[in-house]
Amino acid sequence: ICPIGTFSFPSFNNKTTFNGSFYYCRICRNCQGILERLNAGEVVIGDGGFVFALEKRGYVKAGPWTPEAAAEYPEAVRQLHREFLRAGANVMQTFTFYASDDKLENRGNKLSFTGAQINEAACDLARQVANEGDALVAGGVCQTPSYLSCKSEADVKAIFKKQLDVFVKKNVDFLIAEYFEHVEEAVWAVEVLKETGKPVAACLCIGPEGDMHGVSPGECAVRLVKAGAQIVGVNCHFDPMTCVKAVKMMKEGVEKAGLKAHYMVQPLAYHTPDCNCQGFIDLPEFPFGLEPRILTRWDMHKYAREAYNVGIRFIGGCCGFEPYHIRAVAEELAAERGIMPAGSEKHGMWGAGLEMHTKPWVRARARRDYWENLKPASGRPLCPSLANPDGWGVTKGHADLMQQKEATSKDQLKQLFDRSKSH
């Protein structure tokens, strides 16, 4: 029986989801916002990393990482949303990463669309696909070049406000401030987003060492909650287990402060045991040689279970996450969620589909213990298992991080090339 409406259903189908003792009809489920779902103890599955996925597909340019594809190639963005929805995601995050005007115009990046046009197109695409299933739309903002260039709090907040106007106009279901290296800037973003009255989630791209000024994960979380975020966590820059560890530290800090919050995690799909405090962007393989580090779907099962056991209930992915990774997360937590993703019709749990393979040694792999205990080979005999990160120890306020609208000059590049050789 649906506790909200007056409908009853004899079994699962594509119009119902199960939570504890109740079957919710799709009509009523769509009335449940992010906080209602989390307050009820539900597991919310996020989507994956759009900029990396679309760069590989030929729709995003590495370097700027800006999301003009939402306006230029809407079908590509729409299709990726659909793939994540089919994989089990029930949050469609707008493809608005780095869509602030100061980033769109940074370092000689030339666009034929304004930030507002990109953001509006992204909202429309996310809403269209969300309405095809049991999903919410989240409008997202992230760190700005203006902050790195030491612009004032008022200047940075004005950038967030400009993006926010579109999200309000398009009536997204909730808001995410994500990918912030400095908790100070994230707090500014939360203070702007909370003015809408919509639920606010805030994610830092930090690991257990804390933000780029050394503020601990626990203290970062406390500041974000006090600023008005109802959901706090970590996204990007580090592998799943590292991110889960950081969110666990956030949770401990919030509880020690006597505050309450929900927790989320949206990590990389890459192994990063050799990263320093700034994460994978310091790896020499970033961004075009990361494939040997990618997590398998079986790694994602472990990640989903670890995140759930820590008490995180909003579990998704960031750069490197493809739909099959999200499907693995949804399958691992199918019992808790009471539903399997639609994409599982083409995937036997723990390799069960291999029972139909023509080769007997492959059929012998149709079992859970095989995949859980596999140690994948890289196939690269001359490659080291770990790398030496390139981080130069600079952050907000350093001259090297002063941003500019003009394209990077040849002289500027030569200085960087020479400095890189000396490290």
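Guide: Let's start inside: S5 gives the largest share of the lining of the largest cavity, 3 residues. Bear in mind that this is a predicted model.

Visitor: What makes that space a cavity?

Guide: A 1.4 Å probe fits there but cannot get out, and that is why the word is cavity and not pocket. The search of the whole structure turns up 2 cavities of 30 Å³ or more, and the largest has a volume of about 230 Å³. It is lined by 21 residues, with Gly48, Phe50, Gln93, Phe97 and Glu178 the closest to its centre. Elements that give two or more residues to this lining are helix H3 (50-57), strand S5 (136-142) and strand S6 (174-180).

Visitor: How does the lining of the largest cavity divide by class?

Guide: There are 10 nonpolar, 9 polar and 2 charged residues.

Visitor: What about the second largest pocket, how much space lies in it?

Guide: About 690 Å³. Of its 19 lining residues, the closest to the centre are Pro292, Arg293, Ser378, Pro384 and Ser385. By class, that lining splits into 9 nonpolar, 5 polar and 5 charged.

Visitor: Why do you say that the charged end of Lys103 sits over the ring of Tyr98?

Guide: The distance to the ring centre is 4.4 Å, and the cut-off is 6 Å, so that part of the test is passed; the other part asks for a position within 35 degrees of the ring normal. Arg313 gets the label too: its charged end is over the ring of Tyr308, 3.7 Å from the centre.

Visitor: Which residues do ring pairs link into a cluster?

Guide: Phe52, Trp65, Tyr270, Phe280 and Phe286. Two rings pair if their centres lie within 6.5 Å, and the structure holds 20 aromatic pairs.

Visitor: Phe286 again, then. What kind of peptide bond joins Phe286 and Pro287?

Guide: A cis one, with omega at about -5°. Pro287 is in the loop between strand S9 (262-266) and helix H13 (297-310).

Visitor: What is the phi of Tyr179?

Guide: Positive, about 60°, although Tyr179 is not a glycine. Tyr179 belongs to strand S6, which also gives residues to the lining of the largest cavity.

Visitor: How do you know where the predictor's confidence is under 50?

Guide: From pLDDT, which stays under 50 over residues 1-29; the model has 49 contacts beyond four places in sequence for them. For the protein chain, mean pLDDT is 90, and 91% of residues reach 70 or more.

Methods
Residues are numbered from 1 along each chain as its sequence is written. This is a predicted model: local features need pLDDT of at least 70, side-chain atom pairs count only at pLDDT 80 or more; totals for chains, interfaces and linings use all residues. Side-chain values use heavy atoms; hydrogens and water are left out. On a 1 Å grid over the protein atoms alone, a cavity is a set of points where a 1.4 Å probe fits but cannot get out, and a pocket is an open set with protein on both sides within 12 Å along at least five of seven lines; lining residues have an atom within 4 Å of a point. Grid points are joined across faces, edges and corners, and a volume is the space filled by probe spheres set on the points. Helices (H or I, at least four residues) and strands (E, at least two) are DSSP runs, numbered from the N terminus. Ala, Val, Leu, Ile, Met, Phe, Trp, Tyr, Cys and Pro count as nonpolar, Asp, Glu, Lys and Arg as charged, and the others, Gly among them, as polar. Rings of Phe, Tyr and Trp (its six-membered ring) pair if their centres lie within 6.5 Å; planes under 30 degrees apart count as stacked, over 60 as edge-to-face and the rest as tilted. pLDDT is the predictor's confidence in each residue, from 0 to 100. Contact means heavy atoms within 4.5 Å.
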